[in-house]
Amino acid sequence: MQTIFYPNKENWHQILSRPVNNQEHLFDLVTPVINSVRINGDKAIKDFTKLFDKIDIDSFLVSQEEINSACLLVDSELKEAINRAMKNIRKFHQSQQHSVKIIETEPGVKCWQKSVPIEKTGLYIPGGSAPLFSTILMLAVPAEIAGCKEIYICTPPGINGQINPVILYTAHLTGVTKIFRVGGAQAIAAMAYGTESIPRVDKIFGPGNSYVTAAKQIVALNGVAIDMPAGPSEVAVLADDSANPAFVAADLLSQAEHGTDSQAILITDSMQLAKLVYEEVNKQLGLLPRNEIAHKAMQNSRIIVMRNIDEMIDLANSYAPEHLILEIKNDEIVAEKIINAGSVFLGHLTPESAGDYASGTNHTLPTYGYAKAYSGVNLDSFSKKITFQKISSRGLLNLGPVIEIMAEAELLTAHKNAVSIRLDELKKRK
């Protein structure tokens, strides 16, 4: 983990660079998979599952009997934890619902906007090195609240062709419509274009490895909606001399264990804290079961020592992290100055893990600097906004001439006529 002292602003872009994936190379590998699934459907998925996962799959659809059996295998303590987390996630996302407001912009002219749920959503749930059942909560719960009619899951099969029981339990708990045992780029292609067994969806959600991410970007270029651009997981921690070095190190490593291309950044104005965190990272790293993954990720990571809190805030906003933890004095005041981040965690007792699992906020967030322009997944992600308007005779008599003048100025005569013909009819009625 490299330590950088007092970098000049012109060098910030360089020191905040992310691990670089060869996207062009990935696109070259993934495009043939997508095209094959698009043309050959289920046969292509079976061939790729055998090639990549070394498994022969007869049926992609997980049966109700399998789901029922899996639910019995999940530990009761874990079930209770999942239910508690789901309650908080539901409560937070329900708070994002808004009633329809009809606005009369001027007498006789009424306008309003309504959220309409996306009918068919496809959720990709990673299940390789770690079965991310928590992602089901983060995606299926708001989808259900939004009113999506169909919620489908694609998740990679294990060595025996089965799905991890906790994934099936969580999917069942959240009311997922159907679950398919298929992973990788082929799963994204199946949801994007449909096959004999897997329905086409209107929007695809969920994280995945670099191949899955590349597949989502490719289908998005072909008109299929996705949740957001995404890259490897990342965290930035703003910490001053009030921070506990062990807490900070644990927070950095909690992201590093996601994958070798993850990144953790500590931004501090305390030389002493920088030294202690560095030592604590090395101490904790050796105790992690996924220490090889975390160790490689920490090679992409940095400790950056700045002169003061204002520089720390500016650097964090320049980085626009997926997760930002404020382990500092006056955390709420500093939080008001944060303009670029996926999700912010305030105070010494708010680990990023809380947002990953159970506090209630969504953990599907923009990475790779996309937090400068994109939001994390929320209730609105599962709906589209449709605007409505209704104009009375009084409204058209008042507003019609304004529309006529503007349309004529743009040389759009048919636009003008659509108003004029109505005004003429209203005048005849008088």
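Trainee: How many helices and strands does the secondary structure come to?
Mentor: 17 helices and 14 strands. Both are DSSP runs numbered from the N terminus (helices H or I, at least four residues; strands E, at least two). This is a predicted model, where local features need pLDDT of at least 70, side-chain atom pairs count only at pLDDT 80 or more, and totals for chains, interfaces and linings use all residues. Residues are numbered from 1 along each chain as its sequence is written, and side-chain values use heavy atoms, without hydrogens or water.

Trainee: Which strands form the open sheet?
Mentor: Three of them, in the order 2-3-14, with antiparallel pairing (at least two DSSP bridges between two strands). Strand 2 (103-106) and strand 14 (383-391) are the edges, each pairing on one side only.

Trainee: How many bridges join strand 2 to strand 3?
Mentor: Three, and strand 3 covers residues 109-117. Glu104 stands opposite Lys110 in strand 3.

Trainee: Which helix packs on that sheet?
Mentor: Helix 16, residues 393-409. It touches strands 2, 3 and 14 (contact: heavy atoms within 4.5 Å). Its direction makes about 90 degrees with that of strand 14. Axes are lines fitted to C-alpha atoms, for helices over the stretch in contact, and angles run from 0 to 180 degrees between N-to-C directions.

Trainee: New topic. Where does Tyr6 lie?
Mentor: In the loop between strand 1 (2-5) and helix 1 (12-15).

Trainee: Why does Tyr6 count as partly exposed?
Mentor: Because its relative accessibility is 34%. Buried is under 20%, exposed over 50%, partly exposed in between (1.4 Å probe, protein chains only).

Trainee: And what share of the protein counts as buried?
Mentor: 47% of the 430 residues. The C-alpha trace spans about 85 × 60 × 45 Å along its principal axes.
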